[in-house]
Every structure is written in structure tokens, then in C-alpha cells.
Amino acid sequence: MAAEWSALLLTCRRGQGAVSALQRELEVRRLRGALGPRPPALLLAVEDPWARLGSGGATLNALLVAAEHLSARAGCTVVTADVLRDARILILHMGRDFSFDDCGRAFTCLPAEEPGAPAEALVCNLDSLLGTMTHRLCVGSPPGVWVCSTDMLLTVPSAPGISWDGFQGVRVIAVPGSPVYARNHGVYLTDEQGLVRDIIYKGTEARIQQCAGPDGTVPLVCGIVFFSSDAAEQLLATHVIPPLDACTYMGLDSGAPPIQVTVPPWGMGPLATWVPPLCISVGSICTHSARFGWEKWWEGASSSRLAAPDKSLLSQLSLFFDIVLSMAGGMTEEDFVKGGSDASVRSARSVLWTALRGFPLSMACIPDASYDYMTTSASDHIRSLTLLPGSASHLRFCKTAHSHVDQPRLLEDGSSVTNCLLEGAVGLAAGSVIQHCHLQGPLEIGPGCLLSGLDADSSPALRGCPLRDVVLQGHHVRLRDLPCRVFTLTGRLDDWQSPVEEATYLNVPWPEFFQRTGIREGDLWDAETPRRSRCLLSARLFPVLHACQALGLQDVLWLLAPAGGADERLAHWRTAWRMSWQELLPCLDMAAELGTRQALFFLQGQRKVRRVLLGHQDSSLLPLARSAVHEGYHEAVLGTLDEVASTAGDAGVAARALACIAEVLGCMARGEGGLRSGPAANREWASAFGCLERGDIASGVRELAAERQKWMSRPALLVRAARHYEGAEQILVRQAVMSSCQFVTVGQSELPPLGHWVQVACPARLDLSGGWSDTPPITYEHGGAVVDVAVLVDGCRPIGARVRRIPTPELRLVSLSGAPPSQAVTELVCQELEHLQDYCQPHAPGALLKAAFICTQVVQFPSQKPLRVQLMESFGSGFEVHTWSKLPHGSGLGTSSILAGAVMASLYRAAGKAASTESLIHAVLHLEQRLTTGGGWQDQVGGLVPGIKIGRSKAQLPLRVEVEQIPVPDGFTQTLSDHLLLVYTGKTRLARNLLQDVVRNWYARLPSIVQNTDALVSNAEECAQALRQGDLPLIGKCLDRYWQQKKVMAPGCEPLAVGHMMDTLRPHVHGQCLAGAGGGGFLYVLTKAPRQREALQQILAGTEGLGNFSIHSIEVDTGGFSVEVVGCDTKDGAHPGEDRAV
């Protein structure tokens, strides 16, 4: 369940030039599916109209923008508040700059991966908050406006337990915290009804204790507010009333001067979020009020909430202290309005009081939630990225997230690497973090470090440099139109704003730093800079440009440990144009930084592609493919896949790489262009296919890539290209499976007399568990196990073939299907080799029989010798083949593969050859690959090996199937026969489409498919054990579980009528399952009572909507298939028909 947003807006401060980049980030998240199942129709990045607007002003402006756009979409010509009535709007505030991330707290990357996400992407704090708001906190809320800060790490349980019954007005969200933590944060004081009376920031211990609940915790302010539609409408109405009209872009465009609303010192901390942080003047002074004498002023103020500082220190409109506080029950109009510092402020507060005072302000405190404000302390930030989040979090942190690390053993536990490429020996100590870096070892990073934004060119400067307890960052800076790279270096324990006399730089007192480096105060601050303003924030430490040479990381690293050449380094540093962090902040290029992170993400993603494919890992590359398409990196990923396919030297790896290319092409079609499954024999691709057929994979991949470029212009062509890549993949799968030919051993036997029939009759098979795990490529990439039972249907073996030699050197092929009188007969005569050339087209007349002649090498194809010559030289005769199946098409009982085994067994014998059952099993695998039907091995195992057995294959090539007979208790075979029944559903399945989908999903390594394949194999082993024990109820559980597993493997394989039938039978059976791939055909049931054919017939006959069903008896066939020479037959074309099945 998820909240469905009408509009989602992300606000950012004016002057950063980032609004276009942020809009792109939002659009990418829409494409990724990260904004809920129904993404908002309105998705906007909104720039504040004034440089220092504040959270309240940003909220009012964003609300106006949302209302205006929704009004336009509704066909209105003016802004109307009516559009808010049923709207659900989410406003997220980017807020202030962040010392440790150039893209702000919202885009601070978390060390987390989301394996189940449809598209692979970095997980930012913004994404975490979006997930929390959309899928947890806001679920079930009425229409209205949610406002959320992005300056905190928030964890909320999956069921937050907020009641919306009878809700009116405005609601603030709180999380429980300790009174100790509250000393530096904000808490809500509420009454017994949960209505807010006051907001206390950095209060005294006694004041904080007034807010405590029975468990001793206090409700912490976490920066989230909900306005009902009525309250939002009233707030919106203030945008036309001076002086609040100046808070919006309309005010700016109308020429209104910016409003300046005084906020008390607490308004600059976490409570009044979204204020420029380390900014020149107010932000920097207020955030560290104690150090600048504010606390003395504060203590002497008559009202801890409302007294104002000097009028020159004017700040922004606060969401909490100018909007939300107006509704607090303990606030009086006089205190609130008169708390303003001048007439303009008092006027603004008066407007807000009048508009909002009538709305109740309630609080919801979320049990088990947690809140961690992202402070400007490096220690706090490093800790938040290296400690695991609480159990209620929807994220799972990992040591290495979206990174390629050559030597992961060098990363100590308690360290964190996110969006990085670490080549060679890169060691990272516990308590250190690396983000957005491409580093080349050997490197050693000590404890307490944060490295961010360093590229490969930085690595030489880092070698041998003692890194411990430092923050080292690379920044993209734009000086007007000049882009450049700047590196900053600070200590983990440094404070940005403490005066030089009290503070440290690189974790040592400033005097010690000056002595060690030779740098003087005059190098860092102008002479007129007041002493108390001389701090790390304003120190011009960081080289930006140099007149003579390029600057690099070494130009700040020398500050750590100046050794040889210190004087030269100092002189070089002094002659560079340097800037302070305070001066750099407005010049940070967020768009360039986001672009660099994106490029690095896909660079490490390309390494992941190589690692996963060449390492035969069960990791899905489909989410990465989707992201590459969404973000324009598909060509890079396609190039990497081409490289892997052409150089792997492994047909299995190359096949998977081609399947991944098909996925990328399918993603590029963006759901248009038709179905993914379809024909793949266009002549334009024939040359590339020919190379693959000849085993020249490298040339084949190159030709495929060249042809691909012609098919990239529109969705329909992309889908057709994807089909041909899947066709190319199947060529390589066939070659891999045909490695099983080495397990086919054919001996010599006596050639039967001319005209004598060699007849083979085979049972059908029931797959009791494990099916799909036998399907290539799953069977040789994962390993398979299938429990099969050979069965007679209505007392007979329903599948058979017979072959005889005939005087005429030709091939007569006769296929019969069904039982008289509706028996279908297909006859074909092949007199030339050309008549066999369509053997690899499954739907061509006689294709299976033609393929059998070729695979048994009775006929050599292709060959220079004509067919007649081959037949006369080798056998002195031609051949006549008859095949029959008394089962309906798509029965699910293994007909086609068992029939292939029957044909090959009879053909071998008629040609004077002999093959063991094991050889026949592998020969059928070979035949079905040549036939291009791509089947597995369970059917021939089930029909050619008698009784109850389990077949297994290992995750390796060459593919070999090993069969174990399952010993059962005495008499259990008959018991099983008495409890098994077949129900023909009347539905015909389309296994070909199911097979294509399953193979596609397997190659995509969807986590659900990989886990389900594991479960298929383990269930087969459990079923085998249940059979050994003769435990019918346990066998029934395995059948039911198997059916659920089949539905995961091939969604849609249960028609509605079949589901209805199974529901009807459930009370009477231990378990049930559709045979084979599902989708129709036969349903087999394990009844609770024996011999229930008549009882079930009556039950189903009395159930509406089941269609044309029939019930058939089955019994375990312990004899297996039979091969016999039966002599001449005077009635050509006849086949044993005395036993009838369906």
C-alpha cells in the first residue's frame, strides 16, 4: 500500500543554479518507479524566489506553485483553492548547504542497496525519506499537504499507527527521544488530548521534563507537518496579503520587497530547518549562538520564545515559528504578533494568526521511530554512515554499496564504501567512509576519515600520505563561466565556526598548525577581519587557481605533514588564488557534481556487469539495464556486454550477455513496439547467426552489434532487435546443451529384416516436483533436480513409434495423433536432402522425425551425397516411420520429448544400432536443441526410465543427467496408483511462450526467480524423501508447494477455470498440480481416499463453469518403455490401437 501523490515538489534555494538538475533527478526517480505505483502527475523542482526565504516562505511559495499548476491542469484560468480539496501534495525542502556533501543533505548517499527495486540506483537520503513518506508515514492520511525537511535521517516502522479518524486542522509528526538528546533539539509540549501547546528548543532540563511521557521519552520535532485541505487553503490565501505576498514568486514578479521575519536563535537549528547554514552572518552566528554570546542575550530576554535580537540580524520566514507556532494552544495573540522586531514582521504574524489560529494543532508521536539530525559535525556524519540503522528501517546498510572493490578483504568491518571504484590494494580502516571516489592502490586509509569526490588522478598524491581523522573532498566549482576542481581538507574534530583562539585545524590547535606549516594568520584572513570572525569557515585555505600550473590534491595534502620541500610548497600555496569554505559555498556546481556521481555509478556498474557475468553470479543485471536506459548510459552498458560476449571464451557466458543486450533493447522500447516474444529469423541477421552457428562467437557478436545500430530508431525496431538477440542467445544455449552428446554411446546390433517393424511404446510421465530446473540454461547454470513417475493412462502406454526398412530409398513419415474416430494423420515423403532442410523449424511438417534421422546419423545433413545414395550405401533401403500419441496436444505429460525418445530408440534399432537409456536421454536433449524447441530433460527421463525416480544435473558443462530410482516401501507403488488421478481440464497450454518467458527471467536473474529455482530443487529432494517414506500427506504438500513454485516461474500458467477446479477439489486431495509447464492440459491429484474416480466425477459435474473436463485413471509403470521387432504388417499405416487413452 502506498500514498498516491497528486503533486510532489522539491524546493531549493535561489542562486545555486541547481533547479534544472533537481528537476532531472525527480524525473529519473519517476522513471525508476521510486515515486509509488502511480507517480504524481505534477513533479516539480521549485526555486525559492529570494535567496534567503526560509522554510515558511518556501512552503508558501511551493504551495502556490502546486495550486497554480493543478489549476491549469483542471482547465482553470486563475489559481483556485478548489484544486486542494482532493489533492495529496508532498513538499520536500532541500534546505541549507551541507559541509560534507556538495548536493546537500537530501542527496547525501546512504550505504545501502535495494535488491528488490525495479531500477538500480544510489540510495540518497531523499530516496529514504520518499520511501518513508510514500509507503509508511502518509498511508491512509486524508487529502492535504505534507511538508518534510530533508536534513535528517528518519526511521519509521512499517505500521506507524497514526489514527486519522475525525482529524481536522494541522498535525505535526514527532519521534520519541531522550531528554539528553532534546537539550540540543526541539520538543513538543502537548496537552492530554495530544494538542500542541508549545514548541521548546534547547530548553532547560525542567522545561524538557514537562514534555516527557510515561516512558520517560520526549516527543522530538522531526521537521514533518501535515496541513488538511482546509488549513492548506487558508495558508494559500495569505499569498495575496502583504507582506506575505513577498514570499512567493508572484510577489517577486510583482515587485514586492522581500519580507524579513525575525526568528529566535532556536530557529536556526534543526527545528527551523532549511536556512542557509554556514552562511555568512545570520546562519553562522545563530547556529552557534553560545559561542557568540547569544546565550547571555537569551537568558536576559523577557520571553524565551519571542524576544528578538538586534534588528540587523534578520532571518527568514520559519515554517515552525511563524506558521505552525501560530496554532499552538499555549500561545497568545499578543505574544505571537508583538514578538516581531518591526512593523513588517508584526504584520506578517498578524496575517498568519488570523488565517490559521482557528485550526487545531495536534501531534502524532510514532513509537519505535528514530530521528537523527544531520549536524555539521564530521564525527556525527561518519558515525551515521557506518552504524547500522534501527530494526524499523526499510533500508539495510552494507559495507560496500554500488561499488567495485578489487580487494574487499582490505575493507575492515565498520567501514563504508559507496559509489566507488577501488582498484588494486586499497585498505580502509574501521570508522572511515569513502564515497564517490575512483582510487587506485596501493593506498591505506586510516580510521576516522571521510573521502569524497576524488578521481583516479588523485591516487598518486595519496600514496604514502598519513590519512587519519580527516575529511578530504573534491568539489566541482563554477567561477562565473569557468568550471574548475577544488580540494578541501579538514579534520574530523574541527569546528567550522569557533574562533581561532579556541579551535583546531586538522585536529590540532591553530598555533601548532601555523608553526608546523609556516602559514601565518595574515595568509588566511584580511587584517580588518575581527578576531572573533577568524574561524575555519572564513579561512582562505584552499587553492583554486594558479597563474603558472595546474592545481591538484597535493596542494592541500601538504598541509597534513609538510616534509621535504616545505618552503617550496608553502611558496606555491601562497601564490595560488585561494578561497575559504564560506566563499566556495555559493560557487559549488551541483549539476556537475550530480553528473560526475552518475558517471562513476555507471562506470562501476560496467565493472559489475563483467564481474557478474564472468563470475557466473546469480545477481540480476536488469535493474542496472533499466537505470542505464533511464539515464542515457545504455550505449556504455551495451558496449560492455558486447565486450564480455566476444571475449569470454564460454558459450554460456556469451549467451547470458546476449540475453542482457536483449533486455537493454527491450528497456529502450519503454513498453512500446509490441510483445518481446516473436520470430527471430530476419535475413538481415543471418550472417551474424551463421558466425555463431559455426562457433565463431567473437565475429558473431561484432556482426550483431553492427546490425543492431540499424534497429535503434524506434520502439518497434528495438523490440524486433531484442527478439533476434534472444535468437542468437538460443544458438549459444543449443551449443552448450549439445555438449551432452559426449554421453551418447551408440553400439552395433543386428539389422532387422527388410519390412519388419521395430516398435517402441512409452508411458507418459508425471512431474511431481522440480520441473523448470531441468530447462537449459537453468539446468547447467544452477543445477536441476526433478522427481518423475512413468505412468500408464487408462491402462495403456499412450506414446509410441515404429520404424521399418522399405525397398525404396526414401523416407516415409507418418504421424498420428489422438484416438479414433477423430484421429489426425500427417503423411510426408522425403526423396531429396532438401526435403529435410526445415528440420529445425518445429512447426514444419515432420520436423521432429527429420531431426531424428539427422541426430541418429542415419542421414548425414548437410552432405554432398544425395539422400538416395546415402540410404542405399548404408542400408540398402529406405525407412518408413509411424508415430502416435493418444494424448491431446499440450497435455503436459511430456508427449513431444517422450515421442522423440521413442522415435530415436526405434530408429537406432531399425538401422542396426543400439543405445542405452542414458544415451537416449542425452540424445533427445541433442535432438530438441537441433529442433530449436529448447526443451529440458525431465520428460524423457520420466517416460524412458520406469517407475519412480529423481533426475539430477549439476551446475556445469558438459550437461550430464544422472537418474536415481527411488526405493519405496513394499506395496506403496500400488497405493500411489490408487490415489492418483488425471483430470483433463479442457484447456490447451502454450508452453512455447511460457518457456521463452522463463528463460528470459532466468537470464535476468530476477531475485524471485533465483530463490524459486533454489526452492524447486530443494522441494524435489524433499519429495523424493517423502516417497521413500511412503508418506502420502507429505507428498501432497510437496505437490501443492510445487504448483505455487510453477506459478512463480511462469505467471499466468493457471487459467481461471483451472483455479476454480482446483479450489473445488482441494478438500478431497492431499495435493494437486497441473502437469508440465501448466497453462492447461492435465491436472493430476493425489486423493485422500483411494480409487476416487467416480466420486470426483460427480463433484466436478456438479460444479458450474468447468467446461469440457474428463477424468482418467493412471498407474505407475514399473516396466518402462518396450522395444520389439514385430514382423511385417499387412495394413500399412496401422498402429497398435487396442488400448485407448484420451
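These notes cover the domains, pockets, cavities and some backbone features of a predicted model.

1. Basis. The model is predicted, so local features are given only at pLDDT of at least 70 and side-chain atom pairs only at pLDDT 80 or more, while totals for chains, interfaces and linings use all residues. Residues are numbered from 1 along each chain as its sequence is written, and side-chain values use heavy atoms, with hydrogens and water left out.

2. Domains. The chain is divided into domain 1 (7–172 + 220–254), domain 2 (399–592), domain 3 (620–742), domain 4 (749–969) and domain 5 (993–1120); the bounds come from an automatic or database domain assignment.

3. Domain 1 and domain 3. Their centres, taken over C-alpha atoms, are 42 Å apart. Domain 1 puts 9 residues into the contact and domain 3 puts in 7 residues, contact meaning heavy atoms within 4.5 Å. About 700 Å² is buried between the two, with 47% of that area from carbon and sulfur atoms; buried area is the accessible area (1.4 Å probe) that two parts lose on being put together, summed over both. On the domain 1 side, Leu31, Pro118 and Glu120 lose the most area to domain 3, together 59% of what that side buries.

4. Second largest pocket. Its volume is about 920 Å³. The search uses a 1 Å grid over the protein atoms alone: a pocket is an open set of points with protein on both sides within 12 Å along at least five of seven lines, a cavity is a set where a 1.4 Å probe fits but cannot get out, and lining residues have an atom within 4 Å of a point. Points are joined across faces, edges and corners, and a volume is the space filled by probe spheres set on them. Of the 40 lining residues, Glu113, Glu114, Pro115, Gly116 and Ala117 lie nearest the centre. Helix 3 (125–137) gives the most to the lining, with 5 residues. Because domain 1 and domain 2 both give residues to this lining, the pocket lies between them. Helices (H or I, at least four residues) and strands (E, at least two) are DSSP runs, numbered from the N terminus.

5. Largest cavity. The whole structure holds 12 cavities of 30 Å³ or more, and the largest has a volume of about 190 Å³. Its lining has 14 residues, with Glu25, Arg32, Leu122, Gln598 and Glu631 nearest the centre. Helix 1 (19–32) and helix 20 (590–614) are the elements that give two or more residues to it. By class, the lining has 7 nonpolar, 1 polar and 6 charged residues; Ala, Val, Leu, Ile, Met, Phe, Trp, Tyr, Cys and Pro count as nonpolar, Asp, Glu, Lys and Arg as charged, and the others, Gly among them, as polar.

6. Second largest cavity. This one holds about 90 Å³ of space. Its lining has 11 nonpolar, no polar and 1 charged residues; among them are Val609, Cys660, Glu663 and Tyr1003.

7. Backbone. The peptide bond from Pro242 to Pro243 is cis, with omega near 0°, and Pro243 sits in the loop between helix 6 (229–237) and helix 7 (249–253). Another cis bond joins Phe861 and Pro862, with omega about -5°. Leu506 has a positive phi near 55° though not a glycine, in the loop between strand 23 (504–505) and strand 24 (508–509).
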